[in-house]
Amino acid sequence: MDKSKILEIIRNKITEKIQSFEHLIAETRASNNDTKSSMGDKYETGREMLQQEINNLQRQLNETLNQQSILQKITSETSSKVQNGALVKTNKGLFYIAASIGEIVVDNQKIMTVSVESPLVKAMMGLQSGQNFSINNVNQTIEEIW
């Protein structure tokens with residue numbers, strides 16, 4: 001399994017996400033400036049709602065920038081145990097431990113990207129091929145690690 005290909009896809013998705021958030025923040029700020037007028041209190045409420053939306057987008061942008069920072073430290077070297085940057089095959093599926101961006105498809109294989117903060121990764125962290133772990137009363141066996 002080519003981990004460098006997977007890592008490149010994830011990095012591209014994170015970069016796209018960052019650009020999207022930056023664009024949304026800029027658009028929302030522009031519309032916030034458009035509502036500045038002397039028309040009264042009802043526009044103050046609208047401006048406050050826009051500001052809350054900007055704050056929400058900024059928080060999401062910061063989380064995505066943090067994911068990007070984590071990704072920069074990951075290499076595509078092979079792992080012998082479950083750790084950040086490992087590609088793990090269990091009897092339930094393929095998991096790439098990096099940033100949580102959901103499911104991606106590489107070479108016609110579905111890979112779930114998960115962060116080290118996820119309960120799944122916490123349950124299998126440090127384990128090696130052949131070892132078992134349980135999450136939500138579901139037993140899984142680690143079949144292979146790249």
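Modeller: Let's begin with pairing: two strands pair if DSSP finds at least two bridges between them. Helices (H or I, at least four residues) and strands (E, at least two) are DSSP runs, numbered from the N terminus. This is a predicted model, in which local features need pLDDT of at least 70 and side-chain atom pairs count only at pLDDT 80 or more, while totals for chains, interfaces and linings use all residues. Residues are numbered from 1 along each chain as its sequence is written, and side-chain values use heavy atoms, without hydrogens or water.

Biologist: Happy to start there! How many bridges join β3 to β4?

Modeller: Five, between β3 (residues 102–106) and β4 (residues 109–115), and the two strands run antiparallel.

Biologist: Are Asn136 and Asn137 buried or exposed?

Modeller: Buried means under 20% relative accessible area, exposed over 50%, and partly exposed in between (1.4 Å probe, protein chains only). Asn136 counts as exposed at 71%, and Asn137 is exposed at 79%. Across the 146 residues of the protein, 32% count as buried.

Biologist: And which residues does Val138 contact, leaving aside its neighbours within four places in sequence?

Modeller: Contact means heavy atoms within 4.5 Å. With those neighbours set aside, Val138 touches Lys92 and Phe133. Val138 sits in strand β6 (residues 138–145) and is partly exposed, with a relative accessible area of 33%. Arg11 is 127 residues from Val138 in sequence and 31 Å away in space, C-alpha to C-alpha.

Biologist: Let's zoom out. What pattern does the protein follow along its sequence?

Modeller: The order is α-α-β-β-β-β-α-β-β, which comes to three helices and six strands. Its radius of gyration is 20 Å, well over the 15 Å of the globule rule for 146 residues, so the protein is more spread out than a compact globule. That radius is taken over C-alpha atoms, and the rule is 2.2 Å times the number of residues to the power 0.38. Along its principal axes, the C-alpha trace spans about 70 × 30 × 25 Å.
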